[in-house]
Amino acid sequence: MAQPTASSSASERRQSVRTGVVWEGVRRLLEPGDATDGRQARIVDIGGGTGGFAVPLAELGHTVQVIDPSPDALASLDRRAREAGVADRVTGQQGDLSDLPDLADEADLVLCHGVLEMVDDPAASLASIADVLRPDGHLSLLVAQRHAAVVARAMAGHFQAARELLDDAPDGSAGHASGGPVGRGGRRFTHDEVVDLLAGAGLHPEWVHAVRVFADLVPGSLLDLEPGATAALVELEKAVATRPEYLPLAAQLHVVARR
Ligand SMILES: C[S@@+](CC[C@H](N)C(=O)[O-])C[C@H]1O[C@@H](n2cnc3c(N)ncnc32)[C@H](O)[C@@H]1O
């Protein structure tokens, strides 16, 4: 995945701020001496969309199966993989997280980034993921974090929305009796809720990183106009990612768990 440079476009710079910490965490799992010991890994990217992670992972030599309900996203994935010359290592398949065990082969690593927020039953979804992971395989889970979302709504003047989000639980037990997705952006999770959900699925968290602690608070114009600002912000995000005191401020939590 490209690092921000002076010649990067504005959208590439923003993307590097949003994904820098997560990409570094995923890459670490695939290094020699780590989960797959540097060999070619079998990766399933559930809800992998247009291949923002799948294609760079295939460029590293791994095989990636993307499963996503959106035909448009899968068409973009296909185009992106061909342009990058990795079409032989990336497969796209239309499908839903709830059907994962029927769709995926055994995997060394499952990515589930930005999807748990939208499913009907997060606990059952994590159990499906555990089903396709090989013993000692890893899950890379990226979820929206509730406390930062409450602050963001309050700062935007949406006080009622902030108040409602405050008491939502991922199983819908507070405020959303239907258990359906919460709000336009889907569910939000706290660190403890994610850890409990993972434990319920028989998955063992190895580490949790804070993602986008500052990225959403910094005006885009600052990154566009100030030379070097994006690279400095990416470094700052990496520096706070591993500090537990910043977890409640993070827009997202990146959790890596082992089966
Ligand atoms: C926020 S995007 C994240 C895309 C990608 N994982 C990333 O991090 O860039 C959510 C993706 O999840 C997919 N999705 C939504 N509901 C899903 C479900 N029930 N099962 C699997 N994927 C789903 C959407 O089509 C979309 O591509």
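Select Gly47 and the ligand together in this predicted model: a backbone N or O atom of Gly47 sits 2.7 Å from a nitrogen atom of the ligand. The ligand taken alone exposes 600 Å², of which the protein buries 69%.

Next, turn to the second largest pocket, which holds about 280 Å³ of space. Its lining comprises 18 residues, and those nearest the pocket centre are Asp96, Leu97, Val115, Met118 and Val119. Colouring the lining by residue class gives eight nonpolar, six polar and four charged residues. If you then select by secondary structure, β2 (63-68) and α5 (122-132) each contribute at least two lining residues, with α5 giving the most, namely three.

For the last stop, select Arg212, which is found in the loop that runs between β6 (204-211) and α9 (220-225). Its side chain makes a polar contact of 2.7 Å with the side chain of Asp216, and a further polar contact, of 3.1 Å, links the side chains of Arg212 and Gln252. Leaving aside residues up to four places away in sequence, show the residues that Arg212 touches, which are Arg18, Glu237, Leu249, Ala250, Ala251 and Gln252.

Key:
Residues are numbered from 1 along each chain as its sequence is written. This is a predicted model: local features need pLDDT of at least 70, side-chain atom pairs count only at pLDDT 80 or more; totals for chains, interfaces and linings use all residues. Side-chain values use heavy atoms; hydrogens and water are left out. On a 1 Å grid over the protein atoms alone, a cavity is a set of points where a 1.4 Å probe fits but cannot get out, and a pocket is an open set with protein on both sides within 12 Å along at least five of seven lines; lining residues have an atom within 4 Å of a point. Grid points are joined across faces, edges and corners, and a volume is the space filled by probe spheres set on the points. Helices (H or I, at least four residues) and strands (E, at least two) are DSSP runs, numbered from the N terminus. Ala, Val, Leu, Ile, Met, Phe, Trp, Tyr, Cys and Pro count as nonpolar, Asp, Glu, Lys and Arg as charged, and the others, Gly among them, as polar. A polar contact is a pair of N or O atoms within 3.5 Å; within protein, one must be able to donate a hydrogen and the other to accept it, and residues adjacent in sequence count only if both atoms are side-chain atoms. Contact means heavy atoms within 4.5 Å. Accessible areas come from the Shrake-Rupley method with a 1.4 Å probe; for residues, only the protein chains shown count as cover.
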